[in-house]
Amino acid sequence: MIQTHATKQDRAIIAFLNGNNISNLSYLSITEFASQANVAESTLLRFCRKLGLRGYSEFRMLLAQSNNSEYTEDEENFSFTIMNSMCTALHSTYELLNQENIEKATDLLLGAKQIYCMGSGNSGVAAEEMRNKFLRFGIHMYHLSDSHLQMIASSTLQEDDVLVLFSVSGSTKDMIDIARMAKRIGTKLIIITNYLRSPLSSYADISLFVVTKNTPLDGGSLIAKISQLYVIDVLAASVFKRMGKQSQLNLERTAIAVFDKEI
């Protein structure tokens, strides 16, 4: 785009790009980018389309291509770099934890008639891990990975059900559609995401925030999942404590159930 033919809003975006490290901008969600550039999200989307792109995701991909992934960093000791990034993500997530929200989430989980936990793409791994973790306490959660089945299940939820959604960006269309549908029904929503100001967070009854910065090229990074798994463990510990002796009994029973699977 030639800057002389740009609108005032376009020039604001161009100035923001020129005034910042491009590689760092690839970590921003559409909400964060628009906020920091002082433009509306719709303006940013129009800007992307003027560039011939399909939307912000493709624009962000181009920004990410100017940045090294965790495996191409110019570091001699990449094992230390990855470990340090994981430790930083865990510590930062710990500092963001809101104990009151943990307790409220615990109340919802223990009082729910049905619990579904869902995520899209790599966040689906965290959703499945949550199902597996809580099953050992005797709490049955439903996990679905297929996006069509996720929508079907969400459409049959009730007010006394709980839906836990995982999305690092908080901007995944499938998760937003599910959250919107569940909100209309009155189902309680626990959202675990990286971004305070994200489209998905606006539907949350309870938001739990993780700290992990991802570019589109780092989607499979375990650094992006470690914070989600940490929050799951914190929630599990809170539920375990609240259940008292019954949780310990269930944990022992499930351990015995798979005991003979080991040599």
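**View 1. Thr31 is a buried residue of helix H3.** Thr31 has a relative accessible area of 7%, where buried means under 20%, exposed over 50% and partly exposed in between (1.4 Å probe, protein chains only). Helix H3 covers residues 30-37. The model is predicted: local features need pLDDT of at least 70, side-chain atom pairs count only at pLDDT 80 or more, and totals for chains, interfaces and linings use all residues. Residues are numbered from 1 along each chain as its sequence is written, and side-chain values use heavy atoms, without hydrogens and water.

**View 2. The Thr31 side chain meets the Glu41 side chain in a polar contact of 3.0 Å.** Such a contact is a pair of N or O atoms within 3.5 Å; within protein, one must be able to donate a hydrogen and the other to accept it, and residues adjacent in sequence count only if both atoms are side-chain atoms. Beyond four places in sequence, Thr31 is in contact (heavy atoms within 4.5 Å) with Glu41, Arg197, Ser198 and Pro199.

**View 3. Five strands form an open sheet, ordered E2-E1-E3-E4-E5, with parallel pairing.** Strands (E, at least two residues) and helices (H or I, at least four) are DSSP runs, numbered from the N terminus. Two strands pair if DSSP finds at least two bridges between them. E2 (142-143) and E5 are the edge strands, each pairing on one side only. Four bridges join E4 and E5. Ile191 stands opposite Ser207 in E5.
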